[in-house]
Amino acid sequence: MYKFFLVFLMSFLSAQQKCNLSFFNNPYLHDGKIIFRIQNSSNGKVKVPILFNAEFARPTDIQIYSSESKKYIASKYSFDGTLCGDPKQCFGKMVRLKKGEKREYEVKIIPGRISGAFKEKKKYRFRLSFDTYFFSGCNDYITDWLYYDNTN
C-alpha cells in the first residue's frame with residue numbers, strides 16, 4: 001500500500017511543471033479588442049502561437065451594473081467551452097520566444113461569443129480565461145475585470 005502511494009505521489013509531482021511564461025492584458029476594451037501579451041520568463045526558448053484566436057478567450061464571469069444598488073450583480077449567462085484536442089490544429093503555427101521576449105496579440109472580443117450576453121442596454125463587467133495550458137503547461141490565464149458599456 002505504501003509503495004502504491006509513493007509511486008502515485010512521485011508521478012503526480014513529476015507531472016507538475018513550473019510556468020515559464022508571464023501574461024498581461026490591458027484592462028479596457030478599445031473597439032471591442034484587448035491586447036493580450038505573453039512573455040518568456042525562462043532561461044530557454046518557449047513556443048507560443050503566432051496568432052491567438054478569440055475562440056480560445058472564454059468568458060468566465062459576467063456581471064451587470066445595477067444603478068439602483070450601485071454595484072455589479074452576477075448574471076446567469078453561461079458559455080460552452082471550446083474543446084481543443086490537438087493544440088497544433090487549434091493554435092496553428094508556433095513561434096519560439098527567447099528569454100525575456102514578448103509577443104502581443106490583439107484579440108477581438110466584441111462582436112464575438114460574449115456579445116449574446118449583452119442583450120440589455122446596461123454596463124457590464126466580465127473576465128476572460130485564455131486557453132494557455134495547451135501550449136505552455138501553465139494554468140489558463142484569467143484576466144482581471146474587463147468593462148463594457150452597452151448603454152450607447
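Biologist: Which residues touch the most other members in the largest nonpolar core?
Modeller: Ile-34, Phe-36, Ile-38, Val-107, Ile-109, Phe-126 and Phe-130, out of 28 residues in that core. A nonpolar core here is a set of buried Ala, Val, Leu, Ile, Met, Phe, Trp, Tyr and Cys residues joined through side-chain atoms within 4.5 Å; buried means under 20% relative accessible area, with a 1.4 Å probe and protein chains only. Keep in mind that the model is predicted: local features need pLDDT of at least 70, side-chain atom pairs count only at pLDDT 80 or more, and totals for chains, interfaces and linings use all residues. Residues are numbered from 1 along each chain as its sequence is written, and side-chain values use heavy atoms, leaving out hydrogens and water.
Biologist: Which strand gives the most to this core?
Modeller: β8, with four residues. Strands are DSSP runs of E, at least two residues, and helices are H or I runs of at least four, numbered from the N terminus.
Biologist: And what does Phe-126 touch?
Modeller: Beyond four places away in sequence, its contacts (heavy atoms within 4.5 Å) include Leu-29, Asp-61, Ile-109, Phe-118 and Trp-145.
Biologist: Switching to Thr-143, where does Thr-143 lie?
Modeller: In the loop between β9 (141-142) and β10 (146-149).
Biologist: Why does Thr-143 count as buried?
Modeller: Because its relative accessibility is 2%. Setting aside neighbours within four places, Thr-143 contacts Asn-25, Arg-127, Leu-128 and Phe-130.
Biologist: How many helices and strands in the protein?
Modeller: Three helices and 10 strands.

Definitions and conventions. Buried means under 20% relative accessible area, exposed over 50%, partly exposed in between (1.4 Å probe, protein chains only).
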